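Hello,

Here is the structure you asked to look at. My notes follow below it.

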Amino acid sequence: MAVVPYKEQQTSKKEQVAEMFNNISHRYDFLNHFLSLGIDILWRKKAIKMLRADQPKYILDIATGTGDFAIEALALNPDKIIGVDISAGMLEKGKEKMKKRGYDHIIDMQMGDSEKLLFEDNTFDAVIVSFGVRNFETLTKGLSDMHRVLKPGGKAVIVEFSKPKAFPMKQLYNFYFKAILPIIGKLVSKDQSAYTYLPESVEVFPDGQRFLNILEEVGFKNTECKPLTFGISSIYIGQK
């Protein structure tokens with residue numbers, strides 16, 4: 001059974017994820033950086049460096065949220081970045097951010113479903129996703145579509161939470177994720193379900209080698225997994 005934010009509702013995971021992000025969009029950026037102690041910013045920077053040698057000019061940022069990963073990707077000097085997300089609330093915040101910072105001529109924020117991308121085959125030099133694939137309703141469908149829109153030789157770079165395996169980080173991580181994070185998340189965002197869903201969705205996510213296997217199943221090659229900060233997160237790379 002799929003892990004969803006609002007268990008009492010009968011709607012699909014996709015609808016619930018969109019609703020959840022709409023609900024927490026007003027505090028999302030603050031909570032992201034606060035709950036990770038700012039380490040999420042370093043993780044995104046490191047992931048973008050993986051694309052430096054490729055010099056991608058046309059980049060797609062899936063599950064862009066408020067556009068933080070897209071902004072990091074500006075370091076690659078692309079001609080255009082398109083950010084897609086299913087949450088209107090997150091996109092609204094993202095568009096405000098781009099306009100304020102003067103990035104709206106390069107970063108285009110659009111409503112879009114990661115499993116039914118409205119782009120032609122072989123369109124993008126690179127596809128990036130940070131903390132978004134865990135929320136796909138059907139993981140293989142989303143990854144397949146990501147592969148479809150990439151140009152041959154193009155790369156996908158994915159940042160996602162994983163589960164630390166070694167003592168004591170495993171124990172500390174589990175305590176923080178399951179006991180502390182939902183309380184802070186509820187207090188600040190006023191949505192208890194969103195930050196209960198986060199550890200639950202990480203728990204069931206097929207991290208590490210299992211995720212690389214899925215990438216390969218949908219057609220990616222030269223796959224790699226680079227653990228970050230004692231295995232709290234990982235960067236996954238796949239090439240078309």
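Asp113 is buried, because its relative accessible area of 17% is under the 20% cut-off. Please keep in mind that this is a predicted model. Asp113 sits in the loop between strand E3 (107-111) and strand E4 (124-130). Its side chain makes a polar contact of 2.9 Å with the side chain of Lys14. A polar atom of the Asp113 side chain also lies 2.9 Å from the backbone nitrogen of Glu115. Apart from neighbours within four places in sequence, Asp113 is in contact with Lys14 and Ile86.

Next, the nonpolar cores. The largest one has 45 residues, and Ile107, Ile128, Val159, Phe161 and Tyr195 have the most contacts inside it. Helix H8 (residues 192-204) gives the largest share of this core, 5 residues. A second, separate core has 26 residues, including Met146 and Tyr236.

Then the aromatic rings. The whole structure holds 10 aromatic pairs. In one of them, Trp43 and Phe161 are edge-to-face, at 6.4 Å centre to centre with 85° between the planes. Trp43 belongs to helix H3 (residues 39-49) and Phe161 to strand E5 (residues 150-161), so this pair ties together parts 118 residues apart in sequence. Phe161 also pairs with Phe131; that pair is tilted, with 4.6 Å between centres and 40° between the planes. Phe131 lies in the loop between E4 and helix H6 (139-149), 30 residues from Phe161. Both Phe131 and Phe161 are buried, and Trp43 is buried as well. Trp43, Phe131 and Phe161 form one aromatic cluster together with Tyr173 and Phe177.

Regards

Definitions and conventions
Residues numbered from 1 in each chain as written. Predicted model: local features only at pLDDT ≥ 70, side-chain atom pairs only at ≥ 80, totals over all residues. Heavy atoms only, no water. Helix = DSSP H or I, 4+ residues; strand = E, 2+ residues; numbered from the N terminus. Buried < 20%, exposed > 50% of the residue type's maximum accessible area, 1.4 Å probe, protein only. Polar contact = N/O pair within 3.5 Å; in protein donor to acceptor, adjacent residues only side chain to side chain. Contact = heavy atoms within 4.5 Å. Core = buried A, V, L, I, M, F, W, Y, C linked by side-chain atoms within 4.5 Å. Phe/Tyr/Trp six-rings, centres within 6.5 Å; stacked < 30°, edge-to-face > 60°.
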